[in-house]
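Welcome! Have a look at the sequence and the structure, and then let us walk through them together, one topic at a time.

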Amino acid sequence: MSEGESAGGDRDGDLGGDHGGSKLAGQFFDAAIELLRKVRDEEAERIAAAGTMIADTVADGGRLFAFGAGHSSLPAQDVVYRAGGLALMNLLAVPGVVGVDVQPATLGSALERVDGLAGAVLDTSPARPGDLLVIISLSGRNQLPVEMAMNARALGLKVIGVTSVAYATGTRSRHTSGTFLKDHCDLVLDSKIAVGDAELTADGIDAPFAPASTVVTSALMQAVMATAAGSLAARGVTPPLLRSGNVDGGHEWNGRVLDEYAPRIFFRR
């Protein structure tokens, strides 16, 4: 059973009858909503602090980067070149680990355990002291996110980690230091996802299923971005936001923002 199950009651599904599928769908929505509420309530102060860190970086002339490997790259990509998002957020891409963009897909998982890869990426990236990097890793236990955080801080970047703290007590680190992502960040946001990332069980299905980490982590990231925009506005700084290209005037608006902040935007090059 997942962490959410023990807190919210029995979520074991029953595949019998014509409505087994719809019942399971409802249970997944309930599980995701419960996790979102938990993150909203328990991480509120840290979300506000993360938004302030991002606003500070923007106001001070720094650049913003987001990184995630495998499916953890999806919430990172969701805040890059995003309608309603900050134009300054750049994806720090590591070849072979951005989503499932390699074949076989298992190669991406193997690359997360390679020594030196994070350092090579950072050394050849445009990141510099004073910038900020958001590192997203559900488990936070693999070589790549741990090394990324360690090296980024050594280079003078601020690091926000987005992870499930439960993994630090429920699993062992794969990094040679025995540490987790959470141990090398200026600020940690806990996604509250249980070890295994599966919210449901059901008769007739041998493995737990229905992962909620992408839903929760993406919402967590957007909450931080919203907080950052509000923090900038409160200082009298116009947040460099992008608009949808599918609304009238959107392309023109975005062109002005991208031109104004061109030295701090790297996804356009």
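## The largest pocket

The largest pocket holds about 600 Å³ of space. Keep in mind as you look around that this is a predicted model. Rolling a probe the size of a water molecule over the atoms is a way to show where empty space is left. In this case 33 residues line the largest pocket, and those that lie nearest its centre are Ala 69, His 71, Ser 72, Glu 112 and Leu 138.

Which element gives the most to this lining? The answer is helix H9, with three residues. Helix H5 (106–111) and strand E4 (158–163), like H9, each supply at least two residues.

## A closed cavity

Searching the whole structure for cavities of 30 Å³ or more turns up one. The volume of the largest cavity is about 30 Å³. Its lining is made up of Ser 139, Gly 140, Thr 163, Ser 164, Val 165, Tyr 167, Ala 168, Phe 180 and Lys 182. Four of these lining residues are nonpolar, four are polar and one is charged.

Is strand E3 (residues 132–136) buried or exposed? Five of its five residues are buried, so the strand is largely enclosed by the rest of the structure. In a regular strand, side chains alternate between the two faces of the sheet. You can follow this along E3: Leu 132, Val 134 and Ile 136 point one way, while Leu 133 and Ile 135 point the other way, and all are buried.

Strand E1 (residues 64–68) pairs with E3 in the parallel sense over five bridges. Within this pairing, Ala 66 has Val 134 of E3 as its bridge partner. E3 also pairs with E4, again in the parallel sense and over five bridges. There, Ile 135 stands opposite Gly 161 in E4.

## Salt bridges across the chain

Side chains of opposite charge can pair when their charged atoms come close. How many salt bridges does a search of the whole structure find? It finds 10.

One of them joins the side chains of Lys 192 and Glu 43, with 3.0 Å from N to O. This pair links distant parts of the chain, 149 residues apart. Lys 192 sits in the loop between strand E5 (187–190) and strand E6 (200–202), whereas Glu 43 sits in the loop between helix H2 (20–42) and helix H3 (44–59). Both Lys 192 and Glu 43 are buried.

Another salt bridge brings together the side chains of Arg 235 and Asp 56, at 2.6 Å from N to O. Here too the pair links distant parts of the chain: Arg 235 is in the loop between helix H9 (213–234) and helix H10 (250–260), Asp 56 is in helix H3, and 179 residues separate them. Arg 235 counts as partly exposed because its relative accessibility is 37%. Asp 56, with a relative accessible area of 30%, is partly exposed as well.

## A further pair and a network

Asp 78 and Arg 82 also form a salt bridge, and their closest N and O atoms are 2.9 Å apart. Asp 78 counts as partly exposed, at 22% relative accessibility. Arg 82 is partly exposed too, since its relative accessible area is 35%. Elsewhere, salt bridges that share partners join Glu 42, Glu 43, Arg 46, Asp 190 and Lys 192 into one network.

## The annotated domain

What does the record say about this chain? An unreviewed UniProt entry carries the annotation "domain: SIS" for residues 54–237. Over residues 54–237 the chain is 34% helix and 17% strand.

Finally, try to locate Val 114, which lies in the loop between H5 and helix H6 (117–123). Val 114 is partly exposed, because its relative accessible area is 35%. Along the chain, Val 114 and Phe 29 are 85 residues apart, and their C-alpha atoms are separated by 36 Å.

How values were computed: Residues are numbered from 1 along each chain as its sequence is written. This is a predicted model: local features need pLDDT of at least 70, side-chain atom pairs count only at pLDDT 80 or more; totals for chains, interfaces and linings use all residues. Side-chain values use heavy atoms; hydrogens and water are left out. UniProt positions are given in the numbering used here, feature names are shortened, and annotations may be inferred rather than shown by experiment. Helices (H or I, at least four residues) and strands (E, at least two) are DSSP runs, numbered from the N terminus. A salt bridge is a side-chain nitrogen of Lys or Arg within 4 Å of a carboxyl oxygen of Asp or Glu. Buried means under 20% relative accessible area, exposed over 50%, partly exposed in between (1.4 Å probe, protein chains only). On a 1 Å grid over the protein atoms alone, a cavity is a set of points where a 1.4 Å probe fits but cannot get out, and a pocket is an open set with protein on both sides within 12 Å along at least five of seven lines; lining residues have an atom within 4 Å of a point. Grid points are joined across faces, edges and corners, and a volume is the space filled by probe spheres set on the points. Ala, Val, Leu, Ile, Met, Phe, Trp, Tyr, Cys and Pro count as nonpolar, Asp, Glu, Lys and Arg as charged, and the others, Gly among them, as polar. Two strands pair if DSSP finds at least two bridges between them.
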